[in-house]
Amino acid sequence: MLTIIFFLIIMLGLLINKSKLIRKLQYICIFIVFVFNSWSQDDATYQRIYTGYYGKSHEPGFDFICKLCFDSGISYETFKIVYVSVAVFLLLFALNKIFKESGNDAYSLILLYPLLPLVELLRQLLAIAIITCGIAWYFSREKENIKNKIILALIIFLGATFHYSVLFFLILLLISEKTPQKNTYIQIIVITLVSIFIFNASLFRTFLRLLFASDKVSSWFDSANRIGLGIFIVFAFHIISFFIYDFTYRAYFAKVNNNDGTTESVKRLSKRIYSLNVYSFMLFGFYTYNMEFFSRLYIVILILNCFHISVMAKKVKTNNMLILRSFQLAFHITMFVFFCRPFNDSGIMSMILRNNSLFP
C-alpha cells in the first residue's frame, strides 16, 4: 500500500508543480516513510550504540544524545521516532525557507534519490538537516560578515558531531561569489587529479589519523575499503549532476541580469551552490578509500542542486530547458534504480516501503 502511495505522490508532484495541497501531501509522505520506518540494515548497530554496548566509538553528538535518552529510560524505538521526527522537521523547514520559489517537482525528485536511502542513515540524516538549516539561515542574512560566518562555522561543527563528512561545508566560508569561468571543466579535472594524489599520500593519511584519533577514520584507509575503478561510477553521476546545474545556471543568469525581481540572496546562493559542485570534486581522493562513506556527503549538494534548479527553471522557459528537465528526471530515475534497487526484494526501496509501522 505504501509503495503505491509513494509513487502516486511522486507522480502528482511532477505533474502538478504549484499545488500547495500536493506539497502538503509530499511532506506527509516523507514524514511517514522516515518516522515510521521499522526496518534498517543498521538498526542492530544503532541499538548497540544506544545501549552503550559499543562504547563511544562514533560521533560525539550522536553518542551524547543516545546516552542522555538511554539514561532517561527511553526505549530505542521511542528514541528513533523522536530523533527522526526532529531531523525530518528541520530538513523540510530549511528547504521550505531557503527555496520558497521551488516547485513540487523538487520534492518528487529528491524522494526518488537521494532522500530515500537516508531513511536508514540516522547520523547522516540529522547532520544533513543541521547543515541545511545553517545554509538557509546564512543566506537569509543581508551581509556575510565575520559574525555570521562564525555562527555558520559553529552550525557546521555541530552537524559534524553527528557525521564528520559535513566538515566539507566549511568551504562555504572561503569561496567567493564570482561567476564561474568557461574553463570550469578543466578546473574540475585538475582539482580531481590533484586531490587523488594528495589524499593517497602517506603524510595526509597520518595527519587524519592524528586529527580524529578514531578507529573508524583509520578504517577508511584499510585496503579492504578500496574500491578500485568503482569510483568512476560515482564520478559519472557527479559530472552529470554538475552538467545539469551548469546549463541551468548559465541560462538563468543570462536572463536575470535584466530582471530586478530576483533577490540578491537567491543570486548569492546559486553561485555558492555552483562553487560547491566544483569543489566537491576534491573529495574524489577520499573516494579511493571508501566510496560508500564519502559519497554520502554529495547527498547535500544533490538536494541543493535539485531545489535550486527548480527555482531557476521557473524563470528560464525555453525548449532547451524542457529537454534538460526531462534529462534531469531521467537522471534521478537512473540513480534511484542504481542505488535503491527497486526491482530487488531485498533492495533499499523494497525493504523501506514494505516495513512501515503505519502501513504493515
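Tutor: Begin with helix α4, where K67 and D71 both lie, 4 residues apart, about one turn of the helix. Helices here are DSSP runs (H or I, at least four residues; strands are E, at least two), numbered from the N terminus. The model is a predicted one, in which local features need pLDDT of at least 70 and side-chain atom pairs count only at pLDDT 80 or more, while totals for chains, interfaces and linings use all residues. Residues are numbered from 1 along each chain as its sequence is written, and side-chain values use heavy atoms, with hydrogens and water left out.

Student: What do K67 and D71 form?

Tutor: Side chains of opposite charge can pair when their charged atoms come close. A salt bridge is a side-chain nitrogen of Lys or Arg within 4 Å of a carboxyl oxygen of Asp or Glu. K67 and D71 form one, with 2.8 Å between the closest N and O atoms.

Student: Is D71 buried or exposed?

Tutor: Buried means under 20% relative accessible area, exposed over 50%, and partly exposed in between (1.4 Å probe, protein chains only). D71 counts as exposed because its relative accessibility is 54%. K67, at 46%, is partly exposed.

Student: How many salt bridges does the structure hold?

Tutor: There are 5. One of them joins the side chains of K80 and D43 at 3.2 Å, N to O. That pair links distant parts of the chain, with K80 in helix α5 (residues 76-98) and D43 in helix α3 (residues 43-50), 37 residues apart. K80 counts as buried because its relative accessibility is 8%, and D43 is buried at 16%.

Student: At what distance do E59 and R123 meet in a salt bridge?

Tutor: Their side chains meet at 2.5 Å, N to O. E59 lies in the loop between α3 and α4 (60-71) and R123 in helix α7 (residues 122-138), so this bridge ties together parts 64 residues apart in sequence. Both E59 and R123 are buried.

Student: Which residues form a nonpolar patch on the surface?

Tutor: Patches are made of residues with over 30% relative accessible area and no salt bridge; like charges are joined within 9 Å, and nonpolar side chains (Val, Leu, Ile, Met, Phe, Trp, Tyr) within 5 Å. I186, V190, V194, F197 and I198 form the nonpolar patch, with about 490 Å² of accessible area together. Such areas come from the Shrake-Rupley method with a 1.4 Å probe, and for residues only the protein chains shown count as cover. F197 is in helix α9 (residues 184-199) and is exposed, at 65% relative accessibility.

Student: Where is the cis peptide bond?

Tutor: The cis bond joins Y113 and P114, with omega at about 20°. P114 lies in helix α6 (residues 104-115).

Student: What is the phi of R341?

Tutor: R341 has a positive phi of about 50° although it is not a glycine. Its place is the loop between α17 (319-340) and α18 (348-354).
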